[in-house]
Structure formats: structure tokens, C-alpha cells
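Here's a structure to look at together.

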Amino acid sequence: MWIKFKKWFLANILRRKYYRTGKCKACGKCCTQIYVKHYKHVLQDEKEFKKLQYLHSFYSNLKIIGKDDIGLIFECQNLDLDTHKCKIHKRRPAICRRYPQEELFSMGGALSDDCGYKMEPIVPFKDVLKNYEKKHQNKLEILNKFKK
Ligand code: SF4
Ligand code: SF4
């Protein structure tokens, strides 16, 4: 019952497409490959990042470790590399507490393969397909006639 309500709330009130299942295994991987979204884009250059560091102390703890098609890649220096634990776990920022969120996918990111969380579509793909087919039945029939 709770799951049903949660899915309904996420889909209809918050307009989300995914819901989160599972739990964190504390492997620390998500703290070693971070993209930073600012407004509607992912950070691409160091200059912009430097400006952002003045806005929130969290950014001062990030170190640029590379860049790919999505944007700059950061590692958080609050991660203890020996234990894979966050050194400021109890006072970690809200963004870390909420991780992972659906936004991750819209940025082009993904969960690591062995992350304890999974993001499941609220409406299963087969239902999306079924609804699409229902809605576009006429067009599909016309297309099928042409195929014959
Ligand atoms: S990658 Fe997943 S399991 Fe590992 S620390 Fe991050 S949230 Fe937890
Ligand atoms: S503050 Fe802690 S939880 Fe957040 S990214 Fe850094 S190491 Fe990870």
C-alpha cells in the first residue's frame, strides 16, 4: 500500500519518472566521480567552477580529476580513500543525503554497476508502450497497411 502511494505521489505530485529502491553499501564510488550541475547545465570549465566555490563550501572540497562528454569530473576530498567512508558523514550536505536522484539521469549520469541503489521506472516500459499503442492505434494501423 505504502509503495503504491509513494509511486502515485512521485508520479502525480512531483512529476517524477523513477523511484529509488535498495540501500547504500557505503562503497564511496559516487564520491569519486561527480558531475556538478549548475542551473540547467553541467559544469564544463574550471573558471565557472572557481566562481561556484565562493557560493558553497561543499565545492571547496571538490577536486577536478578529469573531463568527459558530460562535463568536468570531480572527486570529493572528504572521502577517506582507505576506508571509503565520508569524513563528514554526520554533517554531509543535503545533496549527498538525497543522492541518488532522478536528476542524475537527465544530466547523462548513471549509477555505478554495483551501487546498492536502483532507480526503477514508476511506470514499467511495457505499460508505456501499451499506452502509446493505444493512443496511436489509428496511425499504427495506417503504417501497417503501408508495410503490407
Ligand atoms: S555508489 Fe551507491 S552504494 Fe556506493 S556509496 Fe554511492 S550510493 Fe552508496
Ligand atoms: S561530502 Fe561525503 S558523501 Fe558528500 S561527496 Fe563528499 S565524501 Fe561523498
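**Loops, ligands and a core**

Tyr39 sits in the loop between E2 and strand E3 (41-42). This is a predicted model.

Q: What makes the phi of Tyr39 worth a remark?
A: Phi of Tyr39 is near 50 degrees, a positive value in a residue other than glycine. Most residues other than glycine have a negative phi.

Q: What is the phi of Ala26, and where does Ala26 lie?
A: Ala26 also has a positive phi, near 55 degrees. Its place is the loop between strand E1 (18-22) and strand E2 (37-38).

Q: What surrounds ligand 2?
A: Cys31, Cys76, Asn78, Leu79, Cys86, Ile88, Arg92 and Cys96 do. That shell has 6 nonpolar, 1 polar and 1 charged residues.

Q: How do you know that the bond between Tyr99 and Pro100 is cis?
A: Look at omega: it is about -5 degrees for the peptide bond joining Tyr99 and Pro100, which is cis. Most peptide bonds are trans. Pro100 itself is found in the loop between helix H4 (94-98) and helix H5 (103-106).

Q: What makes up the largest nonpolar core?
A: Seven residues do: Cys31, Val36, Leu43, Leu62, Leu72, Phe74 and Cys76. Strand E5 (residues 72-76) gives the most to this core, with 3 residues.

Q: Which residues does Leu72 touch, leaving aside its neighbours within four places in sequence?
A: Leu72 is in contact with Val36, Leu43, Gln44, Phe49, Ile64 and Lys67. Contact here is a matter of C-beta atoms lying within 7 Å.

Q: Why is H1 said to lie largely in the open?
A: To be buried, a residue needs 20 or more other C-beta atoms within 10 Å. Of the 12 residues of H1, the number buried is 0, so this helix lies largely in the open.

Q: Is Ile142 buried or exposed?
A: The place of Ile142 is in helix H7 (residues 137-147). With 10 C-beta neighbours inside 10 Å, Ile142 counts as exposed. As for Tyr19, it is 123 residues from Ile142 in sequence and 36 Å away in space, C-alpha to C-alpha.

Q: How does the radius of gyration of the protein compare with that of a compact globule of 148 residues?
A: Such a globule would come out near 15 Å, but the protein has 20 Å. Its C-alpha atoms fill a box of roughly 60 × 40 × 30 Å along the principal axes.

Q: How much of the protein is buried?
A: Of its 148 residues, 6% count as buried.

Terms used:
Residues numbered from 1 in each chain as written. Chains lettered and ligands numbered in written order. Predicted model: local features only at pLDDT ≥ 70, side-chain atom pairs only at ≥ 80, totals over all residues. Rg over C-alpha atoms; globule rule 2.2 N^0.38 Å. Helix = DSSP H or I, 4+ residues; strand = E, 2+ residues; numbered from the N terminus. Near = placed C-beta within 6 Å. Nonpolar A, V, L, I, M, F, W, Y, C, P; charged D, E, K, R; others polar. Core = buried A, V, L, I, M, F, W, Y, C linked by C-beta atoms within 7 Å. Contact = placed C-beta atoms within 7 Å.
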